[in-house]
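Here's a quick briefing on the model shown below.

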Amino acid sequence: MGQRPMRHSRSCSGLLKVTVRNLQRAVAINVVDLAGFAADAARFCLQIRKGRPTELTKLSEIFVLIVSDRRMAGLHQRFLGQKGPTDVVTFQHGEIFISPQTARRHARRFGNSLARELQLYVVHGLLHLHGFDDRNTAEARKMEAAQRRILQRAGRLN
């Protein structure tokens with residue numbers, strides 16, 4: 001039986017490539033399936049018209065980096081000034097960091113599969129790159145509605 005790939009790339013269009021890299025060992029991740037989902041989700045995000053160019057429309061490659069809770073806690077502290085791990089952190093240059101350990105805890109709490117929780121975080125990161133924000137209630141509602149639509153269209157791992 002062969003070892004699962006630690007990295008997989010997929011194009012979502014002629015202009016945007018999505019690469020998923022698993023940089024942790026605590027939780028088994030199917031990077032091939034997640035990369036396929038992420039490419040589809042990016043394509044659907046790009047179909048949401050914005051009044052101005054967004055980071056997502058400017059990028060040629062997105063990196064989804066699967067990291068340990070420990071590494072995520074370091075990123076969370078360094079860049080957001082908050083202690084402890086979080087589920088997803090997105091940087092404007094196209095890096096979406098995801099903690100599968102946190103995803104597994106949240107999946108259990110909310111009754112989702114791990115795959116579905118990871119999909120949610122990918123979409124959440126992509127939407128941030130596409131100019132969505134969740135800092136206030138009205139914007140968070142718009143972002144949640146867009147997340148639901150994209151998950152319904154691109155979701156195939158449930």
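Gly51 sits in the loop between α1 (31-46) and α2 (55-58), where helices (H or I, at least four residues) and strands (E, at least two) are DSSP runs, numbered from the N terminus. This is a predicted model, so local features need pLDDT of at least 70 and side-chain atom pairs count only at pLDDT 80 or more, while totals for chains, interfaces and linings use all residues. Residues are numbered from 1 along each chain as its sequence is written, and side-chain values use heavy atoms, with hydrogens and water left out.

**Loop residues**

- Gly51 counts as exposed because its relative accessibility is 92%; exposed means over 50% relative accessible area, buried under 20%, and partly exposed in between (1.4 Å probe, protein chains only).
- Gly51 and Gly131 are 80 residues apart along the chain, and their C-alpha atoms are separated by 10.0 Å.
- His93 is in the loop between β4 (88-91) and β5, and at 55% relative accessibility it counts as exposed.
- Leaving aside neighbours within four places in sequence, His93 is in contact (heavy atoms within 4.5 Å) with Leu59 and Glu61.
- His130, in the loop between α5 and α6, counts as buried because its relative accessibility is 1%.
- With neighbours within four places in sequence left aside, the contacts of His130 include Cys45, Leu46, Thr54 and Thr57.

**Nonpolar cores**

- A nonpolar core is a set of buried Ala, Val, Leu, Ile, Met, Phe, Trp, Tyr and Cys residues joined through side-chain atoms within 4.5 Å.
- The largest one has 37 residues, and Ile62, Val64, Ile98 and Val122 are among those with the most contacts inside it.
- Elements giving two or more residues to this core include β2 (17-22), β3 (61-66) and α5 (114-129), but the largest share, 9 residues, comes from α1.
- Val122 is in contact with Leu34, Phe37, Ala38, Val64, Ile96 and Ile98, leaving aside its neighbours within four places in sequence.
- There's also a second, separate core of 7 residues, including Val67, Val89, Phe91 and Phe97.

**Largest pocket**

- On a 1 Å grid over the protein atoms alone, a pocket is an open set of points where a 1.4 Å probe fits, with protein on both sides within 12 Å along at least five of seven lines; lining residues have an atom within 4 Å of a point.
- About 760 Å³ of space lies in the largest pocket.
- It is lined by 27 residues, and the closest to its centre are Val88, Thr90, His124, His128 and Asp134.
- α5 gives the largest share of the lining, 6 residues.

How values were computed:
Points joined across faces, edges and corners; volume = space filled by probe spheres on them.
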